[in-house]
Amino acid sequence: MRTVGVEEELLLVDPETGEPRALSAAVLAHAARDDADQDVFEKELHEQMLEFATHPQSSMESLRAEIVRCRKEAARHAGEIGCTVAALATSPLPVSPAVSVNQRYQWMAEQYGIATREQLVMGCHVHVAVESDEEGVAVVDRVRPWLQVLLALSANSPFWQGHDSGYSSYRSRVWQRWPSAGPTEIFGSAERYHRLIADMVATGSILDDGMVYFDARLSRQYPTVEVRVSDVCLHSGTAVLVATLVRGLVETAAREWRAGREPLDHSVSLLRLAHWQAARSGLKGELLHPATMRRMPAEAIVRALLDHVGQALADTGDLQRARAACEELLREGNGAQVQRALMERTGSLRDVVTECVRHTQA
C-alpha cells in the first residue's frame with residue numbers, strides 16, 4: 001500500500017481580532033525547544049504563515065490523527081506567543097504580508113516583486129509514494145485532468161484583502177502568478193521531465209528545481225509524487241479526503257501506465273480553463289468533465305472522480321469513507337461556502353476568522 005504524507009500551511013492570526021500576525025519566527029523558536037516537534041514545523045515565505053508536514057502514513061485513520069495532532073500542536077505553540085492558527089487559504093481581513101528573513105525568500109522578493117509580496121496564500125500538498133521516477137512521471141501525465149476536482153473540493157479562499165473575490169479559491173489565482181506554476185504538458189518519460197526542469201533552471205528565471213511549482217511534480221526530497229493544487233482545507237476531514245483521493249489517483253494512474261493506457265492528451269490551455277472554472281465556482285455550479293472538457297454539475301464531476309479511482313480506493317478499504325465524505329462535502333459545503341455563510345450570518349470578517357479558528361482545531 002502506498003504511503004501518504006500531507007503538508008499544510010496555516011495562517012497565524014490574533015485570537016481576538018482575527019488579523020494576521022507576523023510571528024512565525026517566534027512560533028518556530030518555541031516549537032524548536034520541544035524536541036518532539038523539531039521535524040514537523042517549518043518556515044514559509046511570509047511571517048504570517050506556519051507550515052507542518054506529517055510523517056508518511058499507510059492508513060487514512062493514522063493520517064487523520066496526525067493532521068489533527070499537528071494542528072493542535074501548532075495552535076499550542078502559537079498560543080504561547082500570543083496568536084493562534086487558522087486553516088484559511090487566504091486572509092479574509094486586510095493584511096500587509098511580511099516576507100521572511102531568509103536568503104532564498106529575499107531573492108524571490110527581488111526577482112518577482114509584488115507577486116512575492118502578495119503571495120500570502122496557504123495550500124495543502126499531498127505526497128504519495130512511487131516506485132521510480134518513470135512511474136512518477138507516468139502518474140503526473142495521467143492525473144492532470146482530475147486535479148481541478150481536488151481544487152473544487154478543497155476551495156477555501158473566497159475573501160481577499162477585506163472583500164469577496166468572487167472566487168471559491170482565490171488562492172489558486174494568486175498562485176498562478178509564479179512563472180513556473182500550473183498544469184503541465186505530457187512528458188512521456190522521466191528523461192524528458194528532468195530535461196525540461198534543467199532547462200527551466202538554466203533560464204535563470206527560477207532559482208533551482210525547488211521553484212518548479214507544477215500542480216503535480218516529482219518531489220525533490222522524497223520518492224513521491226507531490227500534488228500541490230489544493231487550498232489548505234478548513235476541516236481536517238477534508239484534508240484527509242483530498243489525500244485519499246490523491247492516493248487513489250496515483251494508484252489508478254500507475255495501473256493505467258502498466259496496462260499501456262495512454263494519458264488523456266488535453267492541452268495545457270484547456271487544463272487552465274478547467275482549473276479556472278474550479279477556482280471560480282468550487283462545488284457550486286458547474287465544472288469541466290475531465291474526459292470531455294465540457295460543463296457538467298459539480299456533483300456529477302465529483303462522482304465521476306470517485307468512479308475513476310473506485311477500484312484503487314476499494315483495494316485500500318477507503319472507498320466507502322471517501323464516498324461518504326464527498327457526499328457530506330457536497331451537502332454541507334467546502335471551506336469557501338462555510339466562510340461565505342458565516343459572513344452572511346454575522347456580517348463580520350473578524351467573526352469569519354475567529355469561527356474558522358475553531359473549525360481548524362476541531
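These legends describe close-up views of a predicted model.

**View 1. The largest pocket and the residues at its centre.** The largest pocket holds about 970 Å³ of space. Its lining is made up of 42 residues. Those nearest the centre of the largest pocket are E7, E42, E51, Q221 and E226.

**View 2. Helices and strands that line the largest pocket.** The strands β1 (4-13), β3 (49-53), β5 (123-129) and β9 (224-231) each give at least two residues to the lining. The helices α3 (103-112) and α7 (170-175) each give at least two residues as well. β1 provides the largest share, with 5 residues. By residue class, the lining of the largest pocket splits into 16 nonpolar, 13 polar and 13 charged residues.

**View 3. The second largest pocket.** The volume of the second largest pocket is about 380 Å³. The lining consists of 19 residues, and R64, G237, T238, A325 and E328 lie nearest the centre of this pocket. Three helices, α2 (60-81), α9 (236-258) and α13 (319-332), each supply at least two lining residues. The largest share of this lining, 7 residues, belongs to α13. The lining of the second largest pocket comprises 8 nonpolar, 5 polar and 6 charged residues.

View 4. T244 is a residue of helix α9. With a relative accessibility of 6%, T244 is below the 20% cut-off and therefore counts as buried. Apart from neighbours within four places in sequence, the residues in contact with T244 are M60, L313, D318 and A322. Helix α9, which holds T244, also supplies at least two residues to the lining of the second largest pocket.

**View 5. Cysteines C83 and C356.** The model contains 0 disulfides. A disulfide requires two cysteine sulfur atoms within 2.5 Å. For C83, the closest cysteine sulfur is that of C356, at 17 Å, so the two are too far apart for a bond. For C356, the closest cysteine sulfur belongs to C233, and because the separation is 13 Å, this pair is also too far apart for a bond. C83 is buried, at 3% relative accessibility. C356 is likewise buried, and its relative accessible area is 0%.

Notes. Residues are numbered from 1 along each chain as its sequence is written. This is a predicted model: local features need pLDDT of at least 70, side-chain atom pairs count only at pLDDT 80 or more; totals for chains, interfaces and linings use all residues. Side-chain values use heavy atoms; hydrogens and water are left out. Buried means under 20% relative accessible area, exposed over 50%, partly exposed in between (1.4 Å probe, protein chains only). On a 1 Å grid over the protein atoms alone, a cavity is a set of points where a 1.4 Å probe fits but cannot get out, and a pocket is an open set with protein on both sides within 12 Å along at least five of seven lines; lining residues have an atom within 4 Å of a point. Grid points are joined across faces, edges and corners, and a volume is the space filled by probe spheres set on the points. Helices (H or I, at least four residues) and strands (E, at least two) are DSSP runs, numbered from the N terminus. Ala, Val, Leu, Ile, Met, Phe, Trp, Tyr, Cys and Pro count as nonpolar, Asp, Glu, Lys and Arg as charged, and the others, Gly among them, as polar. Contact means heavy atoms within 4.5 Å.
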